[in-house]
Amino acid sequence: MDVRGISTQLTYEQQEFARAERLPYPILSDAAHQLAAALRLPVFRGAGRLRHKRLILVVDAERTVRHTLFPVTDIPHAVQESLRLAADCARTP
């Protein structure tokens, strides 16, 4: 199972954040908003920039979205729940 974070930050900003927070997974940049547009992800404007709203997608190996968690208000709980859902998907053919 792979975990990826996605944000609208530039790559160097993400690297600094991931290093400071000791994230155990990579963060991918969607600074050009291509993923958000393609998947019609919820966004908002903050500090003059378009940003992703916090959500979690559980996607299987065939690139099918199996579960969504939105809105994400309790990050630790949402992460644990998404990992559980991903593990369930991995066990289900």
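**A loop, a hairpin and the core**

Author: I start with a loop residue, Asp60, which is found between β5 (56-59) and β6 (65-69). The model is a predicted one. Asp60 counts as buried because its relative accessible area is 18%, and the cut-off for buried is under 20%. A polar atom of the Asp60 side chain lies 2.9 Å from the backbone nitrogen of Glu62.

Now the core itself. The largest nonpolar core has 8 residues. They are Ile56, Val58, Leu69, Val72, Ala78, Leu85, Ala86 and Cys89. Two elements, β5 and α3 (75-91), each give two or more residues to this core. Helix α3 gives the most, with 4 residues.

Ala87 and Met1 are 86 residues apart along the chain, yet their C-alpha atoms are separated by 7.7 Å.

Strand β3, residues 43-46, pairs with strand β4, residues 49-52, in the antiparallel sense. The pairing runs over 4 bridges. Within it, Val43 stands opposite His52 of β4. The hairpin has 2 residues between its strands, and Ala47 takes a positive phi near 55°. As a general point for reading any such picture, side chains in a regular strand alternate between the two faces of the sheet.

These parts can now be placed in the whole. The protein has 3 helices and 6 strands. Read from the N terminus on, the order of the elements is β-α-β-α-β-β-β-β-α. Along the principal axes, the C-alpha atoms fill a box of roughly 45 × 30 × 25 Å.

Some totals complete the account. Of the 93 residues in the protein, 23% are buried. Among contacts with a separation of 6 or more, 24% are between residues 24 or more positions apart. The accessible surface comes to about 7,100 Å², and carbon and sulfur atoms account for 53% of that surface.

Conventions
Residues numbered from 1 in each chain as written. Predicted model: local features only at pLDDT ≥ 70, side-chain atom pairs only at ≥ 80, totals over all residues. Heavy atoms only, no water. Pairing = 2+ DSSP bridges. Buried < 20%, exposed > 50% of the residue type's maximum accessible area, 1.4 Å probe, protein only. Polar contact = N/O pair within 3.5 Å; in protein donor to acceptor, adjacent residues only side chain to side chain. Core = buried A, V, L, I, M, F, W, Y, C linked by side-chain atoms within 4.5 Å. Contact = heavy atoms within 4.5 Å. Areas by Shrake-Rupley, 256 points an atom, 1.4 Å probe, with all protein chains shown as cover.
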